[in-house]
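Let us read one model together, feature by feature.

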Amino acid sequence: MRQKMENTLTIGVVGAGNMGSGIAQKFAQEGLNVVMLDIKEEFVERGFTTIRNILAQGVERKILTQEKMDETIGRIKGGTDFNLLADVDLVVEVVFEDANVKKDLFAKLDKICSEKTIFASNTSSFYVSDLASATNRQDRFVGMHYFFHPAKNRLLEVIPHKGTSQETIDRAMEIARLHGKTAILVQDAPGFAVNRFFVPLLTESVKLVEEGIADIPTIEHFAKEAFGIGMGPFELMNVTGIPISVHASATFGRELGKFYDTPALLTSQMEKGEPWSLEGEVNLAPAQTIKDRLYGACLGAAAALVSEGVATIEDTDIGAKVGLRWRKGPFEIMNHIGIEKAYEVIKSISDNNPDFKLPEVVVKQKELGVPFDFKVVNLVVKEGIAYITINRPEAMNALNEVTVDQLKEAFTTAQNDDTVTSIVFQGAGKTFVAGADIRFFVKNIKDNQINNNVSFTQKGHDLFLDIENSAKPTIAVLDGLSLGGGSEMALACQAIIATPAGSMGFPETGIGIYPGLGGMLRLARQVGPELTKYYVFTGKPISAQDAYELGVVTHLVSQQKLGKAIADIGQETLPDKYRKRDIPERFQELLATCSGANLDALLNKGELSGVSSTLAQKTQKTVGYKAPLALQKANELIDAQQGKTIPEAIQLELAELDGIFSTKDALTGLTSLGGPPPQFVGK
Ligand SMILES: NC(=O)c1ccc[n+]([C@@H]2O[C@H](COP(=O)([O-])OP(=O)(O)OC[C@H]3O[C@@H](n4cnc5c(N)ncnc54)[C@H](O)[C@@H]3O)[C@@H](O)[C@H]2O)c1
């Protein structure tokens, strides 16, 4: 039953420099074939050397195996012959930032490449439409703007111009997903989305020095504090190169007005050819002025781009969090400092820069007098299928109150839409859903409000039951990791389509609680209580392949076939997910660790029998790290849920929640993430 699945797309990357080599590396790492070209063999070789060095660091740090490194390099074919691009699916142009060089290249490629080939440019400063005009395939031309380092930074701005076809946009978004990118859709405007508000952070910082308001170390300090970033604006300019900031701001100055233009001090620093000096004491006095000015410039620019329709508030925030690694996006910052305050600091920038118009979205929000409301769940209906996407990639799509509310809303809309015949749930970015938002649980425990955790879980159950019982088929798309509540949500759907990147897992007993959203009861109904106990007690991931062989995943397809598989599933009759099934032989040993006398032994550190000593040791060691009370409760619940109806089984789970959240171990476990492994005391 094992399936061989190849990613067969071939991507051409033209320009093997800093960005091009990283982009080629990323595509190859994610299993796509790459043709990497440059004008001279030595430049291609240099590209390969860069890739090898970066991958070798990964091998050294044990995040990559030598085999995976060799495989990745093996997928990249290098050269200088542009005819190698004749049949590729997509060409990503990553040559010098020179419009003529780029246009000449595209005109040449237009003659060489087949009809199907989509062209993408990684330009930072030209209009995509202008570059597209050099070709006769403007409908198959799009911007794909990567961020340094493109093999590590997940963000990708996908930029259609006015002539780009919807098919090309869809394809670009799909290819973004295929190579593990978090894509945001952005209009063809100067600086696209992220640089539009990032560059003003740099220029405004320089202006503060120019005006004598503060020195560099002071601005560095308060900028880091204001935006939750590890490097201040001056250090960032030193790292990326001051000329890039000059070039970007000069382009903005020409296109968007004087407010965005290069300050004289920035130009003179570039001419000196020296980095900014960051040394010195921090002066606390101008703290507020610095923050107000930087917020005003940066949030103002973000609000301006949204007002112009360049990107949504959600995508703008994702851009900041994923691309720039800010703690909060510009609109979340506005909510955090308060809409009144945000309006005031932006207005002050506008008052002092007559060409910077007060952005409409801020004016409107101030009138409304409420914080920005974020859409974290999107609903798109296409050819009878409702695609419901959880769009919090920076939080691995974790379920919180807002997400559950919006899921419910989107689901209800899809249910009531007569044109919808099936409903698909998916996660944006690389994850399906990484469980429930743990910070929410912790806050409620600390505030003595465990009842909020219970009512949140109850709400989740209600939604999952509706999904399970829906008259329109409900399908989870497991194209990445799912954990806890995410796996439970997938199990509630009537079918699961997975790619090899998909997985499930129940890490709860390792953080002091038990899976509380129906995962135990739904998995047990499919694969039996013993195997369910094995997965719940150990927290071991269930790969897509395993879940498929167990009949939990209904369809296993390659990422490239995913779109078609989703479209096709609407036409099929789905199998009954609770049908009787045989558990394949290779799972029998796992199952045996939790059956009969072994179950007691496993929970009480006794000897396991009838399984290999390796498995016995491994399982006992893993289970030994888990919270004893959580294990005990999970064990009792899985037993008690046998033979009950699903609503009855849910009530059993809910009834124990208050108790488990009240334990010392729950607080220890839930607050342990990111730190050393929790030490449980069994209380
Ligand atoms: N550096 C960044 O952080 C960054 C970020 C986003 C976008 N970009 C954009 O990416 C592009 C490349 O930037 P980079 O930093 O990798 O530059 P780079 O100078 O490191 O690399 C450019 C490569 O393109 C090759 N080249 C030039 N003309 C060519 C042609 N006609 N055919 C084939 N190869 C050709 C060069 O030999 C060189 O190897 C630019 O458009 C830049 O604006 C850069």
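Q: Which residues come nearest to the ligand?
A: A residue is near a molecule if one of its heavy atoms lies within 4 Å of it. Of the 22 residues around the ligand, the nearest are Met-19, Asp-38, Glu-97, Lys-102 and Asn-122.

Q: What kind of model is this, and how are residues numbered?
A: The model is predicted: local features need pLDDT of at least 70, side-chain atom pairs count only at pLDDT 80 or more, and totals for chains, interfaces and linings use all residues. Residues are numbered from 1 along each chain as its sequence is written, and side-chain values use heavy atoms, with hydrogens and water left out.

Q: By class, what does the shell around the ligand have?
A: Ala, Val, Leu, Ile, Met, Phe, Trp, Tyr, Cys and Pro count as nonpolar; Asp, Glu, Lys and Arg count as charged; the others, Gly among them, count as polar. Here the shell has 11 nonpolar, seven polar and four charged residues.

Q: Which elements each supply at least two residues of that shell?
A: Helices (H or I, at least four residues) and strands (E, at least two) are DSSP runs, numbered from the N terminus. The elements are α1 (18–29), α2 (41–60), α4 (99–112) and β6 (141–146).

Q: Where does an oxygen atom of the ligand lie 2.7 Å from a side-chain N or O atom?
A: A polar contact is a pair of N or O atoms within 3.5 Å; within protein, one must be able to donate a hydrogen and the other to accept it, and residues adjacent in sequence count only if both atoms are side-chain atoms. The 2.7 Å case is at the side chain of Lys-102. Arg-46 places a polar side-chain atom 3.1 Å from a ligand oxygen. Val-95 uses a backbone N or O atom, at 3.2 Å from an oxygen of the ligand.

Q: How much of the ligand's accessible area does the protein cover?
A: Accessible areas come from the Shrake-Rupley method with a 1.4 Å probe; for residues, only the protein chains shown count as cover. On its own the ligand has 840 Å², and the protein covers 81% of that.

Q: Is Thr-499 buried or exposed?
A: Buried means under 20% relative accessible area, exposed over 50%, and partly exposed in between (1.4 Å probe, protein chains only). Thr-499 counts as buried because its relative accessibility is 0%. Its place is the loop between β15 (495–498) and β16 (503–504).

Q: What does Thr-499 touch?
A: Contact means heavy atoms within 4.5 Å. Leaving out residues up to four places away in sequence, Thr-499 touches several residues, among them Leu-478, Ala-544, Leu-556 and Leu-562. With Asp-479, its side chain makes a polar contact of 2.7 Å.

Q: How many salt bridges are there?
A: A salt bridge is a side-chain nitrogen of Lys or Arg within 4 Å of a carboxyl oxygen of Asp or Glu. The count comes to 37. One of them joins Asp-170 and Lys-382 at 3.6 Å, N to O. Asp-170 lies in helix α6 (residues 166–178) and Lys-382 in strand β9 (residues 377–382), so the pair ties together parts 212 residues apart in sequence.
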